[in-house]
Amino acid sequence: MVTLRSQALLELSGGGAMLSVLRSAAEVRERIADCAGQVSVAAANGPSSVVLSGAPEVLDRLVARWSEEGVETRRIAVDYASHSPQVEPIRERLLAVLDGIRPRASAVPFYSTVTGAPVDTTELDAAYWYRNLRQTVELEQATTTLVRDGHTVFVECSPHPVLLPALRDTVEQTGVGPAVVAGSLRRNDGGPERFLTSLAEAYVRGVGVDWARVFALRGARTVSLPSYAFQRERHWLTGPGTRAVVADPAPAEEHPATAPATAPAAEPAPASAPGAAALTGPEALALVRSTLAVVLGHSGGDAVDPGTTFKELGVDSLSSVELRDRLSAATGLTLPAGVLYGHPTPAELAGHLATQASGEQEAAEPVTGTSADDPIAIVGMACRLPGGVESPDDLWQLVLDGTDAISSFPTNRGWDIDRLYDPDPERAGTSYTRQGGFLHDADRFDPEFFGISPREAAAMDPQQRLLLETSWEALERSGIDPGSRRGTPVGVFVGAMAQEYGPRLDAAHAESDGYRLTGSTVSVASGRIAYTLGLQGPAVTVDTACSSSLVALHLAVQALRAGECSLALAGGVAVMSTPGMFVEFSRQRGLSEDGRCKAFSAAADGTGWAEGAGVVVLERLSQARREGHRVLAVVRGSAVNQDGASNGLTAPNGVAQERVIRQALAGAGLSPGDVDVVEAHGTGTTLGDPIEADSLAGTYGRGREPGRPLLLGSLKSNIGHTQAAAGVAGVIKMVQALRHETVPKTLHADEPTPHVDWSAGTLELVTETRRWPQTGRVPRAGVSSFGISGTNAHVIIEQAPPEPEPEPEPDRAPGARGGSVWPWVLSASDADALADQAAALLSFVDAHPGQHPADTGFSLASARSGLPHRAAVVGAGLPELRDRLAALAAGTDVPGVVRGTARQTDGVVFVFPGQGSQWAGMAVELLDSAPAFAESMRACELAFAPHVDWTLSEVLHDEEALRRVSRWPCPRTRPPPGWSAGRAGSRSPW
């Protein structure tokens, strides 16, 4: 159609002209009233952007007159007067040549600049396209209609944006608030860097960009990158009668559930409802936001964040009923009283209303179990442990270096350290040790990131806070956007023990009243994670004391196998808010004097308490492969049991320990000789360690090949006994050991305990770091945890199977054509965190110079949430990307760095301009670097073939032909070859 129409326009060449005028259409019509029949308004593009068409000499006179009056004008480089009576002579010819067009229905709404409103695309026949050429272009009216219908993102798909100013003016005139108006390419800047920068400019302002597709054809893989840069501040309660310690104490605030509603001075009317039968996505969201604005007394729906919970927006029980009633009246739907609780954000409620209006049932994700031959994979890990460990890599470096992470008691928790210590174990209320493994920054937290007020943050057990952060980090390290699993059956299984944080519930404490129940209750720990991330699988907090996190992992594996969840977080946490554990164990003579666990050592003299948190992400191996998640290890088997009636409630039971190991081996389908290393419970007590060693010898020691003893070690010798987090910490250590095929040494065990028969050769304590045993089979390790409650757990993990061989990736080869320009996108909850994110990534890039930019970019795009403060770095190759990343971290503005704050955006509109956007050689660079663009251009070439005597691809790659574009026959009457194809092609990657 484009070709046939262009050929028909040749008849009009030389008879007219067009003129751009920076005035409103109403004013211009008044100004040309004395030129009736000679000049017409060809286009009303915006509030102050009009195009005139008509006789050249008349337009020249207008230019001369208006220039003296200060009216800005510009001649457009065409020699015919479209959208005017001059088009009428070719009417019959145009109708004839376009008679064969058979328009079809489009799934994408089409807003016409002929009518200024949406039209049925089946009506785009020859008569329509004649009107399109003859009548005034009503872009301003069409844009206003689009905004009114809920669209706030406008993307001009063209080689050069000519309509952006008019579009911006029109959108601003509507007063809808934040909107995005963007282009794609620019004159003499038509390559992939410009295109990706345009995408980035839209992204940083809140437009959803499918970055994964940008990397899809470039062989990019997910890699582990620095996790989120939390902006932590001090939040701590120390006990009855004390004040909450927060970074910036705020005035006492009303709980959102009981805050009184503010009556508005003048009640704004909600957006008119189209009726339940016609209620769709953007309309439903606009209705919910505007109606809620009425209920809460806001001036308009723009004040309502669609992703914030109704509780956080200030909706109480009374206003929730009012909102329900208003929405029921507006839509005609019968809504239950608890509709806001089942759909707790405006966005979720809008989706529910749209589904109900359509008469469809809300789809439930199918729950399916897994077969025994589909193992459970560990795809992500995160931890915070003594010694400044903030990641699994930090932990690995700590054990590899043989670091002793034990330190003095913390000074920031209100402990009376001088009074607390007494070397006499008989002295009540004291501890005969003053050292342990501590998280000295456990009082610091970033509540704003998780939408938690400072008051509630101070009232929250730091164990809950640590679990929130490590869960977020574990998902990011898995290559999973933590926000992407909201509303899905993801399970949360955590081990935790009550640690006496804050005042008792019956104590008067105004600054934490109303928050201490949920803040201090251990059962809430798992629910807090599920609530914050919107996860809908099982959420279980396990307290079996020191075996808690390993029991939690076992339950998570079982839930995945049963199909109760599609993904699971499993882990544990321990933070000693008070010195109670030291005081009580001093009375039992169970502590080592120097705070160190001398596991299986002749010098063992008791356990050393420590703190920490660890979380692993689990999913079925087949699903991990399908979703491209990196598999770190496989959980081959696990088991849990109880001591039963043993020799005392807290005494270890060797028989029960042997039994749980055999159960785990049986579940894994393995023999004892199939496991090489065991990360033991190994607490450093003179009673427990020998019993555990005998149990290991009675199970793993049987039937082993001569010269292949079971290797034994304990992370507790480095960091102390992290209680409910001990099991998962051991798992993380063993996963790292399997990945590096190295067994780290156990500290403080130069002389193994004489209470174990090491001479049998079936067990060997690893006192020096060594290479993992080479057996010719898959390397495997066991991890044990035994709780003071008598609950025992054992897990067997094995090395991850080899990754599938990737397909050939020509774009990744050095010097390969195309694919060398990459976008790196970052986001954070505030500007400081964004700069810190950039700085952390910069350090990572410097430490990993061999990392491919595509892998880094893909991981940033696919495994990170799109938070409000955003930035993007676009560059060709690693050196340029690094320099621009450094500028972002330093807050410097340089080309290739885009910053912005995302706002709520709805409804993307692709705008196709007319004359003025073309230029010689436009978009040729994209042919070599954007497969989607090249494919679209090939389709256009086939469409052109029956109508022209040249080949599009040959012309676009012929420099001489491109130089002749300016001398093309009738150059000012039609676009150069490939212009329409380029417009169509530039739309595809969006």
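Colleague: How many of the residues of helix H29 are buried, and what does that say about its place in the structure?

Modeller: In this predicted model, 9 of the 10 residues of helix H29, which spans residues 853–862, are buried, so the helix is largely enclosed by the rest of the structure. The buried ones are Pro853, Ala854, Asp855, Thr856, Gly857, Phe858, Ser859, Leu860 and Ala861.

Colleague: Which elements do the buried residues of H29 pack against?

Modeller: They pack against helix H9 (211–216), strand E27 (821–828), helix H28 (831–847) and helix H30 (878–890). The largest nonpolar core has 83 residues, and those with the most contacts inside it are Trp211, Leu841 and Leu885. H28 gives the most to this core, with 7 residues. Beyond four places in sequence, leucine 885 touches Trp824, Leu826, Ala838, Leu841, Leu842, Val845 and Val873. A second, separate core has 49 residues, including Trp396, Ala729, Met734 and Val735.

Colleague: Where is leucine 395 placed, and which residues does leucine 395 touch?

Modeller: Leucine 395 belongs to helix H15, residues 392–400, and it counts as buried because its relative accessibility is 1%, the cut-off for buried being under 20%. Not counting residues up to four places away in sequence, leucine 395 touches Cys383, Leu385, Val389, Leu715, Ala729, Ile732 and Lys733. As for distance along the chain and in space, leucine 395 and glutamine 736 are 341 residues apart in sequence, while their C-alpha atoms are 8.7 Å apart.

Colleague: Is leucine 550 buried or exposed, and which residues is it in contact with?

Modeller: Leucine 550, in helix H21 (residues 548–562), counts as buried at 0% relative accessibility. Once neighbours within four places are left aside, leucine 550 is in contact with Gly727, Val731, Val783, Ser784, Ser785, Ala793, His794 and Val795. Across the protein, residues 24 or more positions apart account for 78% of the contacts with a separation of 6 or more.

Colleague: How should I read a residue in a loop, and is histidine 681 buried or exposed?

Modeller: Histidine 681 lies in the loop between strand E20 (677–679) and helix H25 (688–699), and at 9% relative accessibility it counts as buried. Its contacts beyond four places in sequence are Cys546, Glu692, Ser714, Lys716, His721, Ser784, Ser785 and Phe786. Phenylalanine 912, in the loop between strand E30 (908–911) and helix H31 (924–929), is partly exposed, with a relative accessible area of 37%. Together with Val908 and Phe910, Phe912 makes a nonpolar surface patch of about 240 Å².

Colleague: Which parts of the chain does the salt bridge between aspartate 441 and arginine 384 link?

Modeller: The side chains of aspartate 441 and arginine 384 meet at 3.2 Å, N to O. This pair links distant parts of the chain, with aspartate 441 in the loop between strand E13 (435–436) and strand E14 (444–445) and arginine 384 in strand E11 (residues 376–384), 57 residues apart. Aspartate 441 is partly exposed, with a relative accessible area of 25%, while arginine 384 counts as buried at 3%. There is also a network of salt bridges that links Arg23, Glu27, Arg31 and Glu69.

Colleague: Where does pLDDT stay under 50, and how should I treat such places?

Modeller: Where pLDDT is low, the predicted coordinates should not be read in detail. In this model pLDDT stays under 50 over residues 812–819, for which there are 17 contacts beyond four places in sequence, and over residues 966–990, for which there are 77 such contacts. For the protein as a whole, pLDDT averages 87, and 89% of the residues score at least 70.

Note on methods
Residues numbered from 1 in each chain as written. Predicted model: local features only at pLDDT ≥ 70, side-chain atom pairs only at ≥ 80, totals over all residues. Heavy atoms only, no water. Patch = residues over 30% accessible without salt bridge, like charges linked within 9 Å, V, L, I, M, F, W, Y side chains within 5 Å. Areas by Shrake-Rupley, 256 points an atom, 1.4 Å probe, with all protein chains shown as cover. Salt bridge = Lys/Arg side-chain N within 4 Å of Asp/Glu carboxyl O. Helix = DSSP H or I, 4+ residues; strand = E, 2+ residues; numbered from the N terminus. Buried < 20%, exposed > 50% of the residue type's maximum accessible area, 1.4 Å probe, protein only. pLDDT = per-residue confidence, 0-100. Contact = heavy atoms within 4.5 Å. Core = buried A, V, L, I, M, F, W, Y, C linked by side-chain atoms within 4.5 Å.
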